Amino acid sequence: MPSPTPHEALIYLMVITSASDRDMTDIELARIGEVVRSWPVFEDFRQDRLVSVAQACQKMLQEEGGLEGVLTQVAEGLPERLHDTAYAAAFEVAAVDLEMRMEEVRVLQLIRRQLDLDTLTVAAIGRAAKARLRTLT
């Protein structure tokens with residue numbers, strides 16, 4: 001199977017983060033759509049492909065390699081300069097409902113390890129996402 005494009009790899013990480021607890025909530029799916037629509041890294045991505053890319057990822061998760069296979073493919077298809085962006089996209093999906101389940105934490109750890117991100121980068125991404133998503137109530 002060919003490596004995913006950088007856009008596909010970014011979407012795969014958001015999908016596996018959302019699916020980590022076996023419950024892809026509407027708020028998580030909406031955040032994935034919002035990231036794809038608004039982040040500059042997706043400016044040349046055809047948005048009508050989002051559903052088919054997400055479905056391809058879900059299918060890959062059901063195959064023999066499962067999560068590890070998807071993570072390996074992501075690492076192959078994602079330029080190193082986008083590793084922090086990829087983690088930020090995944091974290092955005094995990095944090096959107098303002099509660100981080102253990103399954104999501106575990107997937108984020110796997111993503112961090114696969115993308116070889118340092119502790120300070122990970123902490124900065126997490127802090128920025130939490131600050132962006134905070135509400136008054």
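Predicted model: local features only at pLDDT ≥ 70, side-chain atom pairs only at ≥ 80, totals over all residues.
## The nonpolar core

The largest nonpolar core has 42 residues, and among these Ile11, Leu13, Met14 and Ile111 touch the most other members. Seven helices, namely α1 (6-19), α2 (26-38), α3 (50-62), α4 (66-77), α5 (83-95), α6 (102-115) and α7, each supply at least two residues of this core, and the largest share, nine residues, comes from α5.

When residues up to four places away in sequence are not counted, Leu13 touches Leu71, Val74, Ala86, Ala90, Ile111 and Leu115.

## Helices α4 and α6

Two packed helices are described by the angle between their axes and the distance between the axes. For α4 and α6, the axes come within 10 Å and cross at roughly 40°, and the crossing is right-handed.

On the α4 side of this contact are Leu67, Glu68, Leu71, Thr72 and Ala75, which meet Val107, Leu110, Ile111 and Gln114 in α6. Sorted by class, the residues of the contact are six nonpolar, two polar and one charged.

## Salt bridges

A search of the whole structure finds five salt bridges. In one of them, Glu92 is paired with Arg31, and the closest N and O atoms are 2.8 Å apart. Because Glu92 lies in helix α5 and Arg31 in helix α2, this pair ties together parts that are 61 residues apart in sequence. Glu92 and Arg31 are both buried.

Glu92 also forms a salt bridge with Arg132, where the closest N and O atoms are 2.5 Å apart. This pair links distant parts of the chain, since Glu92 is in helix α5 and Arg132 is in helix α7, 40 residues apart. Glu92 has a relative accessible area of 3% and is therefore buried, whereas Arg132, at 52% relative accessibility, counts as exposed. Salt bridges that share partners join Arg31, Glu34, Glu92 and Arg132 into one network. Another salt bridge is formed by Arg46 with Asp48, with the closest N and O atoms 3.3 Å apart, and both of these residues are exposed.

## Ala131 in helix α7

Ala131 has its place in helix α7, which covers residues 119-133. With a relative accessibility of 45%, Ala131 counts as partly exposed, because that class lies between under 20% for buried and over 50% for exposed. Ala131 and Gln58 are 73 residues apart along the chain, and their C-alpha atoms are separated by 30 Å.

Conventions:
Residues numbered from 1 in each chain as written. Heavy atoms only, no water. Helix = DSSP H or I, 4+ residues; strand = E, 2+ residues; numbered from the N terminus. Buried < 20%, exposed > 50% of the residue type's maximum accessible area, 1.4 Å probe, protein only. Core = buried A, V, L, I, M, F, W, Y, C linked by side-chain atoms within 4.5 Å. Contact = heavy atoms within 4.5 Å. Axes fitted to C-alpha atoms, helices over the stretch in contact; angles between N-to-C directions. Left-handed = near helix turned anticlockwise from the far one by under 90°. Nonpolar A, V, L, I, M, F, W, Y, C, P; charged D, E, K, R; others polar. Salt bridge = Lys/Arg side-chain N within 4 Å of Asp/Glu carboxyl O.
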